[in-house]
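Hi there,

I am passing a structure on to you, with some notes to read beside it. Please have a look at it before you go on.

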Amino acid sequence: MPAIDQHHDIVVNALKKDGWTITHQQVRLVIDDRWLWIDIQAEKGDETTSVLIEVKGFDNPRSPVAYLESVVGQYVVYQIVLDYLEWEQPLYLAVPSNSFDDILGEEIGVEVIKQAGIKLLIFSVDEEKILEWKT
């Protein structure tokens, strides 16, 4: 299994506080003989609402633009594979609020997120709380 982001447990705790049940951590997708790993699968309520979540911290990358390129590329690949495998759960990118206020809040970040169709889960690191779901 791949390494988890340093904010993984914070997102898990935030989801639980918001009434979500964590059904899987490190969800494996298989296409041919290739494996991809999505960080979290969670359900809420009557178990008909289910989401997949990839956690990214955006913590002090050498190049915020290069990191954005990498994260967006990963998200797009995951979404394409989910569509190909006919998974119905929406995929969210979980990011801390300070990242949303930084590169993701800048014109380049806003436009990339919009054009790529990325769904965001914005969380507070300090409060371990979900602040916003952006679809």
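Predicted model: local features only at pLDDT ≥ 70, side-chain atom pairs only at ≥ 80, totals over all residues.

Residues are numbered from 1 along each chain as its sequence is written, and side-chain values use heavy atoms, with hydrogens and water left out.

Strands first. They are DSSP runs of E with at least two residues, numbered from the N terminus, and two of them pair if DSSP finds at least two bridges between them. Strand β1 (residues 20-31) runs antiparallel to β2, with ten bridges. The two make a hairpin with two residues between them, and Asp-32 in the turn has a positive phi of about 55°. Within this pairing, Arg-28 has Trp-37 in β2 as its bridge partner. On to strand β3 (residues 49-55): it is antiparallel to β2 and joined to it by five bridges, and Thr-49 in β3 stands opposite Lys-44. Strand β2 (residues 34-44) is largely enclosed by the rest of the structure, because eight of its eleven residues are buried (under 20% relative accessible area with a 1.4 Å probe, protein chains only; exposed is over 50%, partly exposed in between).

Now the rings. There are four aromatic pairs, counted when the ring centres of Phe, Tyr or Trp (its six-membered ring) lie within 6.5 Å; planes under 30 degrees apart are stacked, over 60 edge-to-face and the rest tilted. Trp-35 and Trp-37 are edge-to-face, at 5.9 Å centre to centre and 75° between the planes. Trp-37 is buried, at 17% relative accessible area. Phe-58 and Tyr-67 are also an edge-to-face pair, with 4.8 Å between centres and 85° between planes. Phe-58 is buried at 9%, whereas Tyr-67 is partly exposed at 24%. Ring pairs also link Trp-20, Tyr-92 and Trp-133 into a cluster. The charged end of Arg-28 sits over the ring of Trp-35, 4.3 Å from its centre (the criterion is NZ of Lys or CZ of Arg within 6 Å of the centre and within 35 degrees of the ring normal).

Last, Lys-119, found in strand β5 (residues 119-124). Lys-119 is partly exposed, at 25%. Its contacts (heavy atoms within 4.5 Å) beyond four places in sequence include Tyr-75, Tyr-92 and Thr-135. Thr-135 is 16 residues away in sequence, yet the C-alpha atoms are 4.6 Å apart.

Best wishes

Notes:
Helix = DSSP H or I, 4+ residues; strand = E, 2+ residues; numbered from the N terminus.
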